[in-house]
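Q: Hello! Could you show me how to read a protein structure, step by step?
A: Gladly. Let us look at it together and take one feature at a time.

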Amino acid sequence: MAFHSAELRAAAAGEARVVSPTLRAFALLECIATADESPTLEELTRASGLPKPTVHRILRLLMRGDLVEREVNDKRYAIGPRACALSLAVQIRSPRRRERHAILARLVEAIGETCNFTMLDGREVVYLERVETSANVRLHMKTGSRVPLHCTASGKLLLSNMPVAQVRRLLGSGPLKRYTERTIVSVDALARELAKIRATGVGTDVGEYLDGSVCLAVPVRDPLGRMCATIAVHGPAPRMTLKKGYTFLPALHKAAAAIAVTLFPTKSDLPTSREKAQTSRTKGIAA
């Protein structure tokens, strides 16, 4: 189990005295958010290097604020609804949102179909950014729209990245809600579908959520290679087919890599002090 918090690495190295209580709580929250699987109290204690009573006290505080929740059966800790809502709000209002919109706009111009940038939010997929095609026939949905996990290209791709036990905890025992005649409503049948998606790395939906709609999704990955979001394309049949959609994959993957840079910028991607000063002077002259 890997953790990536600089604050807790400092604490483990014996520098806990310089870490404020607020930053220590934030770092613990960061550990939970970046863990490959929801951690236990013991795992958080080992990873943080903090005393177990201290970790337990911080977790109780975070739980009272709905920032962390406990998975009772496994005694594991997961990100709570308030933290999830905050993370989505941060992405929606990110200063780099214009860059993401521009990336999607170029993608739509290149392939001619509507594209979305999506993330997981609880049991739903949320559209954080969306650019529609200029074609007359298209599906009208807004940024911020939510769609189900089990019958959408993005949703199934995100589910395919999870352990089977986590998928079953998330979706329940079924039957799943039916939206069209093609919707997969059996959890076992969905598990088989997710195994295929896991092997190909491409989520698909042919009329499972909306009749006459064909969708494909590819992953957006963090610097460690973990899926954190998706880029999806969809269009109406017969103009859009899976065969045609597969020809879009190189452009989709290129856009996904560009989107990832806006989510996880490196120091070379950030403006330098000189560039910031130049921008400030330019604004002053314009004023």
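Q: What span should the 13 residues of helix 4 have, and how far apart are its end C-alpha atoms?
A: Please keep in mind that this is a predicted model. The idea is to count 1.5 Å a residue, so helix 4 (residues 52-64) should span 18 Å. Its end C-alpha atoms are 18 Å apart, which agrees.

Q: Which residues of helix 4 are buried?
A: Here the general idea is a cut-off: buried means under 20% relative accessible area, and exposed means over 50%. In helix 4, the buried residues are Thr-54, Val-55, Ile-58, Leu-59 and Leu-62. They cover an arc of only 130° around the axis, so they sit on the same side of helix 4. Pro-53 and Arg-64, on the other side of helix 4, are exposed.

Q: At what angle do helix 3 and helix 4 cross?
A: To read a crossing, look at the two axes. Those of helix 3 and helix 4 come within 9 Å and cross at roughly 115°, and the crossing is right-handed. Where the two helices meet, helix 3 brings residues including Leu-41, Leu-44 and Ser-48, while helix 4 brings Val-55 and Leu-59, among others.

Q: In what order do the six strands of the open sheet lie?
A: To read a sheet, walk across it from strand to strand. Here the order is 5-4-3-8-7-6, with antiparallel pairing. At the edges are strand 5 (146-148) and strand 6 (203-206), each of which pairs on one side only. On average, neighbouring strands of this sheet are turned by 30° against each other, direction ignored.

Q: How many bridges join strand 6 and strand 7?
A: Strand 6 pairs with strand 7 (residues 213-221) over four bridges, in the antiparallel sense. Val-206 stands opposite Val-214 in strand 7.

Q: Which strands does helix 11 lie across?
A: Helix 11 (residues 249-263) lies across strand 3 (114-121), strand 7 and strand 8 (227-236). Its direction is at about 45° to strand 7.

Q: How many helices and strands are there in the protein chain?
A: Stepping back, the chain has twelve helices and eight strands. Buried residues make up 45% of its 287 residues.

Technical notes:
Residues numbered from 1 in each chain as written. Predicted model: local features only at pLDDT ≥ 70, side-chain atom pairs only at ≥ 80, totals over all residues. Heavy atoms only, no water. Pairing = 2+ DSSP bridges. Axes fitted to C-alpha atoms, helices over the stretch in contact; angles between N-to-C directions. Contact = heavy atoms within 4.5 Å. Expected span 1.5 Å × (residues − 1). Buried < 20%, exposed > 50% of the residue type's maximum accessible area, 1.4 Å probe, protein only. Arc of directions from axis to C-beta. Left-handed = near helix turned anticlockwise from the far one by under 90°.
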